[in-house]
Amino acid sequence: MEPVRIVFMGTPQPAVGVLDKTVEIAGENGWSIVAAYTAPDRPAGRGRRLSPSPVRERAEALGIPVLTPRRVTLPEEQERFRSLRADLVVLAAYGLLLPPPFLFEPRHGAVNIHPSLLPRHRGAAPGAAAILAGDTETGVALMTMDEGLDTGPILATRTMPLNGEERTPALTERLFALGCGLLADVLPRYIAGELSPVPQPEEGATYTPRMTKADGLIDWREPALLIERKVRAYDPWPGTATLWDGRRLAIAAVAVGGEMGDLAPGEVRADGDDVLVGTGEGALRLLRVKMEGRQEMSATEFLRGHPSFGSARLVS
C-alpha cells in the first residue's frame, strides 16, 4: 500500500485511544505520523498551573512532534501545515473548525471520528445530546470533513444500545473506543480506494450547541425525567445545581420515582432515607449532592447535617 503521511488532531482523554489506534494502523501499513495537533496547555488544578492536554502527553511519549496553535486559521499556521506535506488528517475531538487547507489539500482529505449517528447530533456535545434526548441507541460515524459543522460525507457507522443510565464521560469513552475499531476496519480500505463516502441526508439532522454554565441550573418546573437526564448529560460540565440557603448546591445523582403527593416543583420532603423533590411532572429522589466548598455526599448524609433541608423550597 502507498506510503501515507498522517497528521493527527485531537485534545481530550478519549482522543488518546484514537491516537494510539492511528499509530497502530500506520505501523501495520508502512505509514507515518508526522505531527499531532492539540489544544494549547491550559490552567488546571488548585495551583492553576499550565497543564498539557492528554493528547499532547501521549504524542510526546510516542515521539510524535506536537503543535499547539491557538488558531489554525492564521496564514502562518496554514503555511506550517502545508510544510508537513500531509496526505491525510485524522481528527478526534480536536475542538477547532479547520480551514480549507487542512480539509482539502491532503490528497486523502480529513477523516473525523464523530461520536453520534450522523446526521443526528451534529455539533459540540453529541454524547450529552443523546442522553438528553433519551435516545435508545447511538454510535459513531467516520466521515470525510467539509467546511460545514459535521456535515461531511460518511464512510461508515457503528451503533451501540443505550440503557438509560449512561453519563457523558463514560459514554464518550465508549463511543471513541467503538470509533477506534471502525477506524481500523475502514481507514486502510479508504486509502486503497475501496470505499467512497456517501453524502449525509439532511432529513433527521439535529445540532447540539456548546453547553454553558447556565444550562446546568435546574428548573424544577421541568419533568422529573428530563431533569434526571440533565444530571447525567451535564456531567462533568456544566454540572447540575440548584440554589438553597443562598448557596449553590450541586445535584450529582438523582433517580426518578417516589410518591410525589402534593409536592410543588422545588419542594423538598424527607421520607425515611429518601429525600424527594417535586418537579413539574413526577418526583425525583436526590441521591448525591455537594454544597459549594464541601465534599460530595449522599443526600441522606447531607440531610443529617442540614435538617432544615428536609422542608426546603428550592429555587427554580
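**View 1. The loop between β9 and β10, where D150 is placed.** Strands here are DSSP runs of E of at least two residues, numbered from the N terminus. D150 has a positive phi of about 60 degrees although this residue is not a glycine, and D150 is buried at a relative accessible area of 11% (buried is under 20%, exposed over 50% and partly exposed in between, with a 1.4 Å probe and protein chains only). The model is predicted, so that local features need pLDDT of at least 70 and side-chain atom pairs count only at pLDDT 80 or more, while totals for chains, interfaces and linings use all residues. Residues are numbered from 1 along each chain as its sequence is written, and side-chain values use heavy atoms, without hydrogens and water.

**View 2. L149, in the loop between β9 (137-144) and β10 (154-161).** With 38% relative accessibility, L149 counts as partly exposed.

**View 3. D245, in the loop between β12 and β13 (247-256).** D245, although not a glycine, has a positive phi of about 55 degrees, and this residue is exposed, with a relative accessible area of 56%.

**View 4. The cis peptide bond that joins L118 and P119.** Omega is about 15 degrees for this bond, and P119 is placed in the loop between β7 (110-114) and β8 (122-123).

**View 5. The cis peptide bond from W237 to P238.** Here omega is near 0 degrees, and P238 lies in the loop between α7 (224-233) and β12 (241-244), where helices are DSSP runs of H or I of at least four residues.
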